[in-house]
Amino acid sequence: MELLKKLCGIHAPSGNEELMTLFLLDYIDKNKSGWKVKPEIFHGEDFQNCIVLIFGKPTKAVFAHIDSIGFTARYNNQLVKIGAPEVKNGYLLKGTFENKEIEFPIRAKNERDIFAEASVQLEPGTDLTFKDIWKEDKESIQCCYMDNRLGVWNALRSCETINDTAIVFSCWEEHGGGTVPFLTKFLYESYKIKQALICDITWVTEGVRPGMGVVISMRDTGIPRRKFVDGIIKLAKESGIPFQIEVESSGGSDGTELQKQPYPIDWCFIGAPEENVHSPNEKVHKSDISSMLDMYRYLLSKL
(Lines give C-alpha, C1' and ligand atoms only; values in the text may rest on other atoms or scores of the structure.)
Protein backbone atom coordinates (compact mmCIF):
# COMPACT_ATOMS: atom_id res chain seq x y z
CA MET A 1 0.00 0.00 0.00
CA GLU A 2 3.02 2.32 -0.10
CA LEU A 3 2.07 3.61 -3.56
CA LEU A 4 -1.47 4.40 -2.43
CA LYS A 5 -0.12 6.14 0.68
CA LYS A 6 2.10 8.38 -1.48
CA LEU A 7 -0.78 9.19 -3.82
CA CYS A 8 -3.04 10.25 -0.92
CA GLY A 9 -0.43 12.77 0.25
CA ILE A 10 0.06 14.59 -3.06
CA HIS A 11 -1.42 18.08 -3.26
CA ALA A 12 -3.65 18.11 -6.36
CA PRO A 13 -6.98 19.92 -5.87
CA SER A 14 -9.14 20.49 -8.95
CA GLY A 15 -7.43 22.96 -11.26
CA ASN A 16 -3.99 22.48 -9.70
CA GLU A 17 -3.14 18.87 -10.54
CA GLU A 18 0.43 19.61 -11.66
CA LEU A 19 2.20 17.73 -8.83
CA MET A 20 0.12 14.62 -9.41
CA THR A 21 0.78 14.78 -13.16
CA LEU A 22 4.53 14.97 -12.55
CA PHE A 23 4.40 12.10 -10.04
CA LEU A 24 2.48 9.88 -12.47
CA LEU A 25 4.79 10.61 -15.40
CA ASP A 26 7.78 9.72 -13.23
CA TYR A 27 6.10 6.52 -11.98
CA ILE A 28 5.11 5.47 -15.50
CA ASP A 29 8.63 6.11 -16.82
CA LYS A 30 10.20 4.03 -14.04
CA ASN A 31 7.76 1.10 -14.25
CA LYS A 32 6.65 0.75 -17.90
CA SER A 33 9.51 -1.58 -18.81
CA GLY A 34 8.07 -4.18 -16.43
CA TRP A 35 4.54 -4.03 -17.87
CA LYS A 36 3.22 -6.66 -20.27
CA VAL A 37 2.88 -4.00 -23.00
CA LYS A 38 4.84 -0.75 -23.12
CA PRO A 39 2.37 2.13 -23.68
CA GLU A 40 2.49 5.17 -25.90
CA ILE A 41 2.23 8.21 -23.61
CA PHE A 42 0.29 11.39 -24.44
CA HIS A 43 0.61 14.46 -22.22
CA GLY A 44 1.63 18.12 -22.38
CA GLU A 45 -0.11 21.34 -23.35
CA ASP A 46 -2.60 19.69 -25.70
CA PHE A 47 -3.71 17.54 -22.74
CA GLN A 48 -3.33 20.18 -19.98
CA ASN A 49 -2.57 18.15 -16.81
CA CYS A 50 -4.15 14.95 -18.13
CA ILE A 51 -2.28 11.84 -19.25
CA VAL A 52 -3.40 9.20 -21.75
CA LEU A 53 -1.65 5.82 -22.02
CA ILE A 54 -2.28 3.76 -25.15
CA PHE A 55 -1.62 0.01 -24.86
CA GLY A 56 -1.62 -1.87 -28.15
CA LYS A 57 -4.68 -1.18 -30.32
CA PRO A 58 -7.24 0.06 -27.77
CA THR A 59 -10.88 -0.92 -27.99
CA LYS A 60 -11.84 0.37 -24.53
CA ALA A 61 -10.75 3.04 -22.04
CA VAL A 62 -10.43 3.40 -18.28
CA PHE A 63 -11.00 6.88 -16.82
CA ALA A 64 -9.49 7.77 -13.42
CA HIS A 65 -9.56 11.39 -12.25
CA ILE A 66 -6.44 12.62 -10.49
CA ASP A 67 -7.81 15.74 -8.76
CA SER A 68 -9.26 16.09 -5.26
CA ILE A 69 -11.62 18.30 -3.33
CA GLY A 70 -10.15 21.11 -1.23
CA PHE A 71 -10.43 24.81 -0.46
CA THR A 72 -9.32 28.16 -1.92
CA ALA A 73 -8.34 31.06 0.34
CA ARG A 74 -10.47 34.15 -0.30
CA TYR A 75 -9.88 37.27 1.81
CA ASN A 76 -9.08 37.52 5.53
CA ASN A 77 -8.47 33.76 5.60
CA GLN A 78 -11.99 32.91 4.53
CA LEU A 79 -12.15 29.64 2.56
CA VAL A 80 -14.19 28.73 -0.50
CA LYS A 81 -14.86 25.06 -1.29
CA ILE A 82 -13.32 23.22 -4.21
CA GLY A 83 -15.90 20.56 -4.99
CA ALA A 84 -17.90 19.40 -1.99
CA PRO A 85 -15.60 18.73 1.00
CA GLU A 86 -17.11 17.96 4.39
CA VAL A 87 -16.57 20.86 6.78
CA LYS A 88 -16.03 20.41 10.52
CA ASN A 89 -14.22 22.50 13.10
CA GLY A 90 -10.75 21.15 13.72
CA TYR A 91 -10.20 19.38 10.40
CA LEU A 92 -6.54 19.95 9.52
CA LEU A 93 -5.61 21.56 6.21
CA LYS A 94 -2.23 21.88 4.55
CA GLY A 95 -0.87 24.18 1.89
CA THR A 96 2.16 26.23 0.86
CA PHE A 97 2.85 29.74 2.17
CA GLU A 98 6.01 31.64 1.20
CA ASN A 99 7.52 28.39 -0.16
CA LYS A 100 6.96 26.57 3.14
CA GLU A 101 4.37 23.90 3.91
CA ILE A 102 1.97 24.99 6.63
CA GLU A 103 -0.96 23.33 8.36
CA PHE A 104 -3.81 24.62 10.46
CA PRO A 105 -7.37 23.70 11.47
CA ILE A 106 -10.66 24.81 9.95
CA ARG A 107 -12.94 27.12 11.90
CA ALA A 108 -16.47 26.94 10.49
CA LYS A 109 -19.53 28.91 11.56
CA ASN A 110 -21.62 27.12 8.95
CA GLU A 111 -21.23 25.62 5.46
CA ARG A 112 -20.56 29.07 3.95
CA ASP A 113 -18.59 30.89 6.65
CA ILE A 114 -15.42 28.80 6.70
CA PHE A 115 -12.07 30.16 7.84
CA ALA A 116 -8.46 29.02 8.15
CA GLU A 117 -7.35 29.29 11.76
CA ALA A 118 -3.84 30.23 10.63
CA SER A 119 -1.21 32.44 12.23
CA VAL A 120 -0.47 34.01 8.84
CA GLN A 121 -2.62 35.94 6.37
CA LEU A 122 -3.06 33.63 3.39
CA GLU A 123 -2.68 35.14 -0.05
CA PRO A 124 -6.02 35.08 -1.91
CA GLY A 125 -6.03 32.17 -4.31
CA THR A 126 -3.95 29.86 -2.11
CA ASP A 127 -5.37 26.36 -2.46
CA LEU A 128 -5.50 23.96 0.46
CA THR A 129 -6.16 20.26 0.94
CA PHE A 130 -6.83 18.01 3.92
CA LYS A 131 -3.73 16.92 5.81
CA ASP A 132 -3.09 13.27 5.03
CA ILE A 133 -3.21 11.10 8.16
CA TRP A 134 -2.83 7.44 7.17
CA LYS A 135 -4.46 4.78 9.35
CA GLU A 136 -4.32 1.09 8.52
CA ASP A 137 -5.38 -2.13 10.22
CA LYS A 138 -5.95 -5.71 9.09
CA GLU A 139 -9.28 -4.91 7.44
CA SER A 140 -9.27 -1.29 6.27
CA ILE A 141 -7.32 1.75 5.15
CA GLN A 142 -8.32 5.26 6.16
CA CYS A 143 -6.99 8.55 4.80
CA CYS A 144 -8.09 11.62 2.90
CA TYR A 145 -8.51 11.36 -0.85
CA MET A 146 -9.18 7.67 -1.28
CA ASP A 147 -11.53 9.34 -3.78
CA ASN A 148 -9.87 9.12 -6.19
CA ARG A 149 -6.29 8.18 -5.36
CA LEU A 150 -7.48 4.60 -4.98
CA GLY A 151 -8.92 4.80 -8.50
CA VAL A 152 -5.56 6.11 -9.75
CA TRP A 153 -3.77 3.31 -7.88
CA ASN A 154 -6.10 0.75 -9.44
CA ALA A 155 -5.50 2.14 -12.94
CA LEU A 156 -1.72 2.08 -12.44
CA ARG A 157 -1.80 -1.51 -11.16
CA SER A 158 -4.02 -2.50 -14.11
CA CYS A 159 -1.29 -1.19 -16.44
CA GLU A 160 0.89 -4.13 -15.44
CA THR A 161 -1.17 -6.74 -17.31
CA ILE A 162 -3.41 -5.07 -19.92
CA ASN A 163 -3.35 -4.82 -23.70
CA ASP A 164 -5.50 -3.00 -26.29
CA THR A 165 -6.68 -0.47 -23.70
CA ALA A 166 -6.43 3.27 -23.10
CA ILE A 167 -5.81 4.45 -19.54
CA VAL A 168 -6.96 8.04 -19.04
CA PHE A 169 -5.96 10.21 -16.09
CA SER A 170 -8.41 13.13 -16.13
CA CYS A 171 -8.68 16.39 -14.19
CA TRP A 172 -11.28 18.69 -12.59
CA GLU A 173 -13.82 15.93 -11.94
CA GLU A 174 -14.52 17.04 -8.37
CA HIS A 175 -15.44 20.57 -9.44
CA GLY A 176 -17.61 19.94 -12.47
CA GLY A 177 -15.25 18.36 -14.97
CA GLY A 178 -13.92 20.02 -18.11
CA THR A 179 -11.29 17.66 -19.50
CA VAL A 180 -13.51 14.73 -20.50
CA PRO A 181 -14.78 16.45 -23.70
CA PHE A 182 -11.36 16.86 -25.33
CA LEU A 183 -10.16 13.49 -23.99
CA THR A 184 -13.23 11.78 -25.45
CA LYS A 185 -12.70 13.52 -28.79
CA PHE A 186 -9.09 12.30 -28.84
CA LEU A 187 -10.03 8.70 -27.97
CA TYR A 188 -12.88 8.38 -30.43
CA GLU A 189 -11.38 10.22 -33.38
CA SER A 190 -7.95 8.60 -33.00
CA TYR A 191 -8.94 5.05 -31.99
CA LYS A 192 -12.75 4.73 -32.39
CA ILE A 193 -13.04 3.66 -28.74
CA LYS A 194 -16.68 2.96 -27.85
CA GLN A 195 -16.44 1.45 -24.34
CA ALA A 196 -15.27 3.01 -21.08
CA LEU A 197 -14.99 1.97 -17.44
CA ILE A 198 -15.04 4.74 -14.84
CA CYS A 199 -12.42 3.91 -12.21
CA ASP A 200 -13.65 5.93 -9.23
CA ILE A 201 -14.81 5.51 -5.64
CA THR A 202 -18.43 5.38 -4.46
CA TRP A 203 -20.32 5.42 -1.15
CA VAL A 204 -21.22 2.92 1.51
CA THR A 205 -25.05 3.05 1.81
CA GLU A 206 -27.88 0.90 3.12
CA GLY A 207 -27.52 -1.22 -0.03
CA VAL A 208 -23.74 -1.15 -0.44
CA ARG A 209 -21.68 -2.50 2.43
CA PRO A 210 -17.93 -2.48 3.17
CA GLY A 211 -16.15 -5.80 2.65
CA MET A 212 -18.77 -7.17 0.24
CA GLY A 213 -16.93 -6.48 -3.01
CA VAL A 214 -16.37 -3.84 -5.67
CA VAL A 215 -19.44 -1.85 -6.76
CA ILE A 216 -20.92 -1.86 -10.26
CA SER A 217 -23.22 1.14 -10.57
CA MET A 218 -26.39 0.87 -12.64
CA ARG A 219 -27.09 4.58 -12.27
CA ASP A 220 -26.54 7.79 -10.28
CA THR A 221 -27.41 11.21 -11.72
CA GLY A 222 -26.36 9.68 -15.02
CA ILE A 223 -27.95 6.60 -16.53
CA PRO A 224 -25.59 4.56 -18.73
CA ARG A 225 -26.96 2.38 -21.53
CA ARG A 226 -28.56 -0.66 -19.94
CA LYS A 227 -27.37 -3.11 -22.60
CA PHE A 228 -23.73 -2.28 -21.85
CA VAL A 229 -24.13 -2.39 -18.06
CA ASP A 230 -25.99 -5.71 -18.27
CA GLY A 231 -23.08 -7.08 -20.28
CA ILE A 232 -20.62 -5.91 -17.60
CA ILE A 233 -22.71 -7.55 -14.86
CA LYS A 234 -22.87 -10.81 -16.85
CA LEU A 235 -19.08 -10.86 -17.12
CA ALA A 236 -18.73 -9.99 -13.43
CA LYS A 237 -20.91 -12.97 -12.47
CA GLU A 238 -18.82 -15.26 -14.67
CA SER A 239 -15.62 -14.00 -13.03
CA GLY A 240 -16.50 -15.24 -9.54
CA ILE A 241 -15.10 -12.01 -8.09
CA PRO A 242 -17.21 -10.49 -5.26
CA PHE A 243 -19.23 -7.45 -6.38
CA GLN A 244 -22.25 -5.37 -5.41
CA ILE A 245 -24.88 -3.51 -7.45
CA GLU A 246 -25.49 0.19 -6.82
CA VAL A 247 -28.57 2.25 -7.72
CA GLU A 248 -28.51 5.92 -6.69
CA SER A 249 -30.30 9.14 -7.61
CA SER A 250 -27.38 11.48 -6.83
CA GLY A 251 -23.66 11.65 -7.44
CA GLY A 252 -21.77 11.80 -10.70
CA SER A 253 -18.43 11.02 -12.29
CA ASP A 254 -16.44 11.31 -15.49
CA GLY A 255 -19.06 8.93 -16.88
CA THR A 256 -21.80 11.54 -16.43
CA GLU A 257 -19.77 14.00 -18.49
CA LEU A 258 -18.72 11.36 -21.01
CA GLN A 259 -22.38 10.62 -21.79
CA LYS A 260 -22.97 14.26 -22.77
CA GLN A 261 -20.36 14.18 -25.53
CA PRO A 262 -21.30 13.72 -29.23
CA TYR A 263 -19.71 10.27 -29.48
CA PRO A 264 -21.34 6.81 -29.13
CA ILE A 265 -19.30 5.65 -26.14
CA ASP A 266 -20.85 3.32 -23.56
CA TRP A 267 -19.68 3.59 -19.96
CA CYS A 268 -20.02 1.92 -16.57
CA PHE A 269 -18.86 3.13 -13.15
CA ILE A 270 -16.97 0.44 -11.22
CA GLY A 271 -15.26 1.18 -7.91
CA ALA A 272 -14.80 0.30 -4.25
CA PRO A 273 -17.21 1.79 -1.69
CA GLU A 274 -15.95 4.11 1.04
CA GLU A 275 -17.19 5.45 4.36
CA ASN A 276 -16.80 9.08 5.53
CA VAL A 277 -17.11 10.47 2.00
CA HIS A 278 -15.24 13.71 1.14
CA SER A 279 -13.75 13.98 4.62
CA PRO A 280 -10.17 13.58 5.88
CA ASN A 281 -11.16 10.09 7.09
CA GLU A 282 -12.26 8.27 3.95
CA LYS A 283 -12.23 4.57 4.78
CA VAL A 284 -12.09 1.57 2.39
CA HIS A 285 -12.10 -2.15 3.18
CA LYS A 286 -9.00 -3.97 1.91
CA SER A 287 -11.00 -6.83 0.42
CA ASP A 288 -12.94 -4.30 -1.70
CA ILE A 289 -9.63 -2.91 -2.97
CA SER A 290 -8.58 -6.42 -3.98
CA SER A 291 -11.86 -7.17 -5.73
CA MET A 292 -11.70 -3.84 -7.56
CA LEU A 293 -8.29 -4.59 -9.04
CA ASP A 294 -9.24 -8.20 -9.83
CA MET A 295 -12.45 -7.06 -11.54
CA TYR A 296 -10.70 -4.48 -13.72
CA ARG A 297 -8.06 -6.96 -14.80
CA TYR A 298 -10.74 -9.52 -15.64
CA LEU A 299 -13.08 -7.15 -17.50
CA LEU A 300 -10.25 -5.54 -19.49
CA SER A 301 -9.22 -9.00 -20.69
CA LYS A 302 -12.79 -9.75 -21.83
CA LEU A 303 -14.20 -6.51 -23.29
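Helices (H or I, at least four residues) and strands (E, at least two) are DSSP runs, numbered from the N terminus. This is a predicted model: local features need pLDDT of at least 70, side-chain atom pairs count only at pLDDT 80 or more, and totals for chains, interfaces and linings use all residues. Residues are numbered from 1 along each chain as its sequence is written, and side-chain values use heavy atoms, with hydrogens and water left out.

Q: What is the volume of the largest pocket?
A: A pocket is an open set of points on a 1 Å grid over the protein atoms alone, where a 1.4 Å probe fits, with protein on both sides within 12 Å along at least five of seven lines. Points are joined across faces, edges and corners, and a volume is the space filled by probe spheres set on them. For the largest pocket that comes to about 410 Å³.

Q: Which element gives the largest share of the lining of the largest pocket?
A: Lining residues have an atom within 4 Å of a point. There are 26 of them here, with Glu173, Asp200, Gly251, Gly252 and Ser253 nearest the centre. Two elements give two or more residues: β14 (202-203) and α6 (254-258). The largest share, 3 residues, belongs to α6.

Q: How many residues in the lining of the largest pocket are charged?
A: Asp, Glu, Lys and Arg count as charged; Ala, Val, Leu, Ile, Met, Phe, Trp, Tyr, Cys and Pro as nonpolar; the others, Gly among them, as polar. The lining has 5 nonpolar and 11 polar residues, and its charged residues number 10.

Q: Which element gives the most to the lining of the second largest pocket?
A: This pocket has a volume of about 190 Å³. Its lining includes His11, Asn16, Glu18, Lys94 and Asp127. By class, it has 1 nonpolar, 5 polar and 4 charged residues. Both α2 (18-31) and β6 (92-97) supply at least two, but the top contribution, 3 residues, is from β6.

Q: How many disulfides does the structure hold?
A: The test is a pair of cysteine sulfur atoms within 2.5 Å. The count is 0.

Q: Is the ring pair of phenylalanine 42 and phenylalanine 47 stacked or tilted?
A: Rings of Phe, Tyr and Trp (its six-membered ring) pair if their centres lie within 6.5 Å; planes under 30 degrees apart are stacked, over 60 edge-to-face, the rest tilted. The count comes to 9 aromatic pairs. Here the centres are 6.0 Å apart and the planes at 45°, so the pair is tilted.

Q: Which residues do ring pairs link into a cluster?
A: Phenylalanine 42 and phenylalanine 47 are both buried. Ring pairs join them with others, and the cluster is Phe42, Phe47, Phe186 and Tyr191.

Q: What is the angle between the planes of phenylalanine 130 and tyrosine 145?
A: Both residues are buried. Their rings form a stacked pair, 6.0 Å centre to centre, with a plane angle of 25°.

Q: Which strands are at the edges of the open sheet of 3 strands?
A: Strands pair if DSSP finds at least two bridges between them. The order is β10-β11-β19, with antiparallel pairing. Pairing on one side only marks the edge strands, β10 (135-136) and β19 (283-285).

Definitions and conventions:
Buried < 20%, exposed > 50% of the residue type's maximum accessible area, 1.4 Å probe, protein only.
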